[in-house]
Amino acid sequence: MNIIEVRRINRFFGKGDSRFHVLKDINFDINRGDFVAVIGQSGSGKSTLMNILGCLDTPTSGSYRLDGIETSGLSANAHAWVRGRKIGFIFQRYNLLASLNSLDNVALPAIYTGLSHQVRTDRAAELLERLGVADKFRNKPSQLSGGQQQRVSIARALMNGGEIILADEPTGALDSKSGEIVMDILRVLHQSGRTIILVTHNHTIAAHAHRVIELKDGFIVANSRRLPARRIDYQNPVDSFVSPVTFHCDQFIEAFKISIQAITTHKLRSLLTMLGIIIGIASVVSVVALGRGSQERIINNINSMGTNTINIYPGSGFGDRQNARVRTLTVSDSAMLAGLSYLDSSTPNTSVSGLLVYGNQSFTASLSGVGDQFFDVRGLSIELGRFFTRRDIQEVASVVVIDPNTRDKLFPGGENPVGCTIIFRRQPLTIIGVTKSKNNVFDAVDSLSLWAPYTTVMSKITGDYYINSIIVKVNNLVNSQLVEKNLIDLLTIKHDGRKDFFTQNTDSIKKTIEDTTRTMTLLISSIAFISLVVGGIGIMNIMLVSVAERTKEIGVRMAVGAKRFNIMEQFLLEAIVLCLVGGVLGIALSGSFRFFFNAVSKNFTISFSIASIFLALGCSTFIGVLFGFIPAWNAAHLNPIDALAYE
Ligand SMILES: Nc1ncnc2c1ncn2[C@@H]1O[C@H](COP(=O)(O)OP(=O)(O)O)[C@@H](O)[C@H]1O
Ligand SMILES: [Mg+2]
């Protein structure tokens, strides 16, 4: 039975005017177990014919049946399958992969057919031994002579059986002695039942074959048999292939190894390529952490501003120079507001600054007259003693609550201030409590603040009926914007139609702060995003270079049976690994940034989260896939013969 049947094959190269007719109506059959030499001058179309026989190339027209299967309509992957299972190539220039040692070069075809690592290494070792290069297992091609390289490449052709051996000028680059060794090997392979097709332009070499086909200018000009075809039936090795899952894992691991190797071969180049990703990821992680840190900080500040309150001040607005003289708010205004059902409380405030004397020390301090709800509304808590009560207010008690600053100033020795009496504007006041430090950016840190019942301040210190502000606490269930409008209307009516006051709603302050942070985060994030895109373009660029550099390697892998998917996987993985390593370095960079930032900044810390690290790794993988896709796709869709011919 014929293993090869070629009918009216034509092959054109190029298009239009430069269209070139290389193979012209080629017809022949080859018996199973035959040894055929194809001879002809350089340029006569021998290699083109071999590429078609090896399913590396497809004829422009005509039919090619291999082992009974019509190959011309097969997909690229089916061609790869045929190459991997049926055909062993031996090239004039060996085409070994420079980065792999002999053993791995020989084992390469079996990765793509799914032999386990152990089986393929054992078989590769056995083949190398049989071909007389047993001592060169660990040598790379550059450490071998031409003859040894050719024997390694023959071993590779036999890895998956090599039922059909296609040898394109296998002795062309060898000295005569090595050439003889190679021809002896081919003879032995023929005796084992394999079908050998040998291309040569040397008639002495062709004399080894049982049959000679001569090509001239794309035509077959002679087809003569010297000896009958052998009748030994060749048996492909019976292989126990691994399960599909193991198969894919194995291919993944191999692809991963290759990508690591590719990255480490060009360390500096890889590092520079990663730089964009490193900076991008470092900024993404830092921005997220900064965002979280400032968010926490702002939430604290907002909470310390107290629950939802509206402040009412006399005058027309902040910065009005008349404000100090406007005296429109009174205790009765506050009392009226206190009666409203949608307000939790309303307290009048009056503040006054003056000389504070204790023992032989004196300071300038500011005393606020406030209601008993004030502390609650402002989110102040007590550290020592107590706040004043409603009763203190009614009784116009001479009591005062001081802040930690004042305590530190008056009692530097750390004595208990509660119960001591200070003099403020010549009025004795007894300290009943000390507040906790709020550590709030909105509160001045250096001033001395004291709080006394507003009744006390008004009647004993200022002697004034007017107040500086009213703080109302809005019920949580109502809309504070509406309440604000309502308050304005009510107070305007009470003031005989004059709006001689203005309001400030903490709710809108909160909103403003939140909006500002959001805008900032968005701004920095978009810068980080741009940096990531730039980094991704860098990755894409270097991957395109990598694919171009390794075109020959891609061709060799395809020739030994790699499918498009395998090539795609390999380059995609390389891009992803590049990005992931960049991502990890980026995280490390932002970690050190955080360390320095937190060491320098006192009341503001960057807070890292596991989520941001995962986000970073996810981002890197995504960029790897996104920007590695086009180069990987290009690599996978290279034409095998073009890739092999690439120098
Ligand atoms: N990919 C290609 N594109 C264009 N022309 C090609 C291509 N491959 C081969 N040729 C042309 O086809 C002819 C036959 O080439 P080839 O089969 O390599 O010859 P041989 O192996 O017999 O020396 C040559 O003239 C060559 O220039
Ligand atoms: Mg050739």
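Which residues are around ligand 1? In this predicted model, in which local features need pLDDT of at least 70, side-chain atom pairs count only at pLDDT 80 or more, and totals for chains, interfaces and linings use all residues, side-chain values use heavy atoms, with hydrogens and water left out. Residues are numbered from 1 along each chain as its sequence is written, while chains are lettered from A and ligands numbered from 1 in the order in which they are written.

The shell around ligand 1 consists of Phe13, Phe20, Val22, Gln41, Ser42, Gly43, Ser44, Gly45, Lys46, Ser47 and Thr48, a residue being near a molecule if one of its heavy atoms lies within 4 Å of it. By class, this shell has 3 nonpolar, 7 polar and 1 charged residues, where Ala, Val, Leu, Ile, Met, Phe, Trp, Tyr, Cys and Pro count as nonpolar, Asp, Glu, Lys and Arg as charged, and the others, Gly among them, as polar.

Polar contacts (pairs of N or O atoms within 3.5 Å) are made by ligand 1 through oxygen atoms. One such pair places an oxygen atom of ligand 1 at 2.5 Å from a polar side-chain atom of threonine 48, and in another an N or O atom in the side chain of serine 47 is 2.7 Å from a ligand oxygen. Taken alone, ligand 1 exposes 560 Å², of which the protein buries 61%, as computed by the Shrake-Rupley method with a 1.4 Å probe. Strand E2 (20-31) and helix H1 (46-53) are the elements that give two or more residues to the shell, and the largest share, 3 residues, comes from H1; helices (H or I, at least four residues) and strands (E, at least two) are DSSP runs numbered from the N terminus.

Ligand 1 sits in the second largest pocket, in the sense that more than half of its atoms lie within 2 Å of the pocket's grid points. A pocket is here an open set of points, on a 1 Å grid over the protein atoms alone, where a 1.4 Å probe fits, with protein on both sides within 12 Å along at least five of seven lines, and lining residues have an atom within 4 Å of a point. Of the 26 residues that line this pocket, Ser47, Asn51, Phe91, Asp168 and Ala645 are the closest to its centre. H1 gives the most to the lining, with 5 residues.

Note on methods. A polar contact is a pair of N or O atoms within 3.5 Å; within protein, one must be able to donate a hydrogen and the other to accept it, and residues adjacent in sequence count only if both atoms are side-chain atoms.
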